[in-house]
Structure formats: C-alpha cells, structure tokens
Amino acid sequence: MKVKQGFRLRPLGDEFMLIGESLEQINFNKMITMNETAAFLWNKVADGRDFEAQTLASFLLDEYEVAEEQALTDSQTTIDSWLQAGIIE
Amino acid sequence: MVTSRYYRVAELTFGFTAQEDLFDLLPNYAPFEVQASSADLFHLTVSQDTCPVDEKALTAYFTDKSDEDMPRIELYQMPEQWLLCVSMYRDSETCCRILASNDWTEATLYMTTEHKRFAVDNAAMLLYAFTSCFKQALTLHASVIKYEGQGYFFLGKSGTGKSTHSRQWLSAFPEAELMNDDNPILRLIDNKPIIFGSPWSGKTPCYKQLCAPVRGIVQLKQAPENSFEKLRLPAAYAYMLSSSSGLKIIPAVMDALYATIAAVIQTIPVILLSCLPNEEAARMSYQAFA
C-alpha cells in the first residue's frame with residue numbers, strides 16, 4: 001500500500017482532517033476525519049513509502065501500550081477504511 | 001487624464017490607477033475611499049492597451065469553471081508574473097486579463113469588454129482575496145445581517161437562498177440591517193472575528209463601510225420544514241472553506257485560509273439551517289445563537 005499524493009493532514013480541535021489540497025486532488029471533494037492514532041499512522045507513511053498492516057502495527061507497538069494482536073487488527077481496520085475512502089492505493 | 005484613488009476595506013488598503021472617467025462607473029467603491037498614497041494589499045492599474053501576453057501560447061496552470069452562469073477563471077504562470085483570464089460566463093470569451101507580479105501586489109487590467117465595471121470588480125475582488133488571505137482575512141461568498149450590533153452571515157451555494165434568508169431577517173427584525181449581500185470580508189482582529197461590508201455585493205447594491213463582531217454563522221440548505229443543528233468542527237471547516245475565495249491550489253494560501261478558518265470556527269458557532277424561505281426560519285437562526 002501507498003498513500004495517494006496531494007493530501008494534507010491538518011489538526012482541528014482534538015481531531016485531524018485529511019484534505020485534498022493540491023492539483024492532483026483538486027477534485028477530491030471529501031474530507032476524511034481522523035483521530036490522533038490514525039493521524040499518527042498517516043504521518044508515518046505520508047512520505048509515500050510502501051506499507052502493509054504489519055508495518056503500521058510496528059509503529060503502533062513502538063508508540064503505544066498495546067498488545068501485538070490488537071495492533072495488527074487495528075492496523076488492518078485502518079487500512080480497510082483508508083482504502084474505502086480512496087486515500088491509499 | 002490618469003488618476004489614482006485608494007480604498008480601505010476591512011481595514012486594508014488597495015489602490016486603482018485609471019482614466020478619471022472610469023471612476024464614474026465605479027460608485028460602489030466611493031464609501032470606501034480614503035486619502036492614502038500607498039496600499040497594504042495591491043495596486044491595480046487599468047490599461048487602455050491590449051494585453052502584451054497571449055494566453056494561447058501558454059498552458060493553464062489552473063482553470064476554475066464551476067457554474068454555467070458564473071465567470072470562468074484561468075490562471076497562467078510565467079517566470080515573474082501571473083496572467084489571470086476572466087470570462088463573464090463559463091463558456092464565453094475571455095473579457096479581462098490581469099497581469100500581476102508574483103506576489104499579486106502590482107497588477108494591470110486589460111479589458112476587451114464594454115462591461116468595464118464587471119472587469120474591474122472581478123479583478124479587484126480576486127486581487128483582494130489573493131493578497132488579504134495573508135492578513136487573516138477571508139473573502140466570503142455570503143449574505144450578512146447586522147442586528148443588535150452583531151453580525152450574522154449566511155453561506156450556501158448559489159441559488160440556495162442566502163439573499164432570501166437575509167430578507168426574511170429584515171422582515172422578522174425591523175431593526176436589522178443588510179450589511180452586504182454577496183462578498184463580505186471576514187477578518188480576525190485581535191483574534192476576534194469581525195465581518196466587514198465591501199464594494200462587492202452581487203446583484204444587490206449594498207456597499208457599506210460597516211463592520212460588526214460575528215455572533216453566528218449559518219450554512220443554509222433548502223428543506224420542506226425548518227430545523228437546525230450545530231455543526232462539528234470538520235463540517236464547519238468544509239463549509240467555510242468552500243465559501244472562501246482564494247488561490248487554494250497554492251500551499252501558502254491554503255495554510256493561511258486554514259489558520260483563519262480554524263480560529264474563526266473555534267470561536268463562533270456554525271449551524272446548518274435546513275429551512276423554508278420564511279420569517280420563522282430567520283427567527284430560528286437568530287435563536288440558535290441566543
């Protein structure tokens with residue numbers, strides 16, 4: 001998986017918004033809201049590196065007190081929702 | 001004879017240099033005229049000549065053509081300049097060209113239309129939006145009411161009923177006043193959102209040198225009955241951003257718009273009003289901020 005280019009993650013109150021702001025995403029008329037954990041993961045892969053659920057899980061394990069199995073499940077859920085939103089490919 | 005005049009809108013100054021008689025066509029700027037010799041934002045010179053740059057030789061950096069009955073805007077980037085081409089409608093010929101410095105502070109307008117006021121208004125409004133966004137200002141597409149010393153403004157796509165909702169306020173509250181009906185300026189001054197009248201007001205001649213602290217922001221939606229909900233921050237942000245003019249494809253502009261909008265919506269409540277065009281809707285939108 002890779003993030004699509006042209007998105008910008010911006011904080012707003014205690015949430016984060018992912019907005020298509022560049023010419024590549026000018027017609028992306030949706031705004032994706034993320035909580036702090038999802039935003040943390042997005043920032044880790046925003047440079048366009050390849051990732052899979054295992055990659056995200058290892059970021060979670062480094063940052064948060066979480067069981068390995070839970071980290072992997074959460075990472076897969078995150079990837080599924082990002083795929084559905086059309087912000088990764 | 002060529003002459004220069006200066007105007008102050010939302011406490012920011014800009015200037016025009018043009019043939020004396022052109023100013024007769026621009027009564028909407030008169031309430032904003034000030035004695036000044038330099039501009040905070042931009043200086044627009046209205047030329048009698050033909051634009052020295054032909055856009056046909058260039059590739060558009062960006063084209064904004066949304067509605068059939070709205071102007072089309074094409075932007076061309078050159079080494080030290082921008083060229084902005086504006087047509088009256090989405091599918092009509094370009095009728096004004098604005099050649100501007102990289103930072104938009106110095107610009108020349110070339111017109112090939114008899115609708116000179118249309119050309120000057122569009123050029124000035126775009127330049128105002130492009131330069132004022134760095135001074136905590138938003139050039140909004142909104143209708144604004146001042147009531148009990150406070151500003152309420154109404155957002156929505158063209159045809160949603162912004163002007164109609166303002167008229168309902170005027171009949172529901174006899175003391176209410178229309179401040180602007182199309183393009184007011186919202187500015188953060190000492191971190192407080194203040195709404196200002198402007199020389200641009202769409203079809204309604206309402207060019208008032210007025211300002212008011214903002215009490216409430218209303219996104220309008222047509223519905224078979226009246227109801228409202230307070231919007232969460234991300235939705236409020238999306239509505240405010242889509243109602244703000246500016247070169248959103250330039251990252252520094254988006255950074256500035258984001259900072260201003262985020263500060264405004266964390267201070268002022270934003271509601272979504274699903275409504276009919278009636279006085280009850282006006283009273284409901286007032287009550288939402290009471």
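Q: What separates the centres of domain 1 and domain 2 of chain B in this predicted model?

A: The C-alpha centres of domain 1 of chain B and domain 2 of chain B lie 25 Å apart. The domain assignment puts domain 1 at 2-135 and domain 2 at 138-287.

Q: How do you know that domain 1 of chain B and domain 2 of chain B are in contact?

A: Contact here asks for C-beta atoms within 7 Å. By that rule, 16 residues from domain 1 of chain B and 19 residues from domain 2 of chain B take part. On the domain 1 side, α1(B) gives the most, with six residues.

Q: What makes up the side of domain 1 of chain B that touches domain 2 of chain B, in terms of nonpolar, polar and charged residues?

A: That side has twelve nonpolar, two polar and two charged residues.

Q: Why are β1 and β2 of chain B called a pair?

A: Pairing needs at least two bridges between two strands. Strand β1 (residues 2-9) and strand β2 (residues 12-19) of chain B have eight, in the antiparallel sense, so they pair. Within this pairing, Ser4(B) stands opposite Thr17(B) in β2(B). The hairpin has two residues between the strands, and Ala10(B) takes a positive phi near 55° there.

Q: How do you know that β1(B) pairs with β3 of chain B?

A: Two bridges join β1(B) to strand β3 (residues 33-34) of chain B, and the cut-off is at least two, so they count as a pair. The strands run antiparallel, and the bridge partner of Tyr6(B) in β3(B) is Val34(B).

Q: What makes up the side of chain B that touches chain A?

A: Nine residues of chain B are in contact with eleven residues of chain A. The elements giving two or more residues to the chain B side are α3 (233-242) and α4 (251-265) of chain B, and α3(B) has the largest share, four residues. The residues on this side divide into eight nonpolar, one polar and no charged.

Methods. Residues numbered from 1 in each chain as written. Chains lettered and ligands numbered in written order. Predicted model: local features only at pLDDT ≥ 70, side-chain atom pairs only at ≥ 80, totals over all residues. Contact = placed C-beta atoms within 7 Å. Nonpolar A, V, L, I, M, F, W, Y, C, P; charged D, E, K, R; others polar. Domains from an automatic or database assignment.
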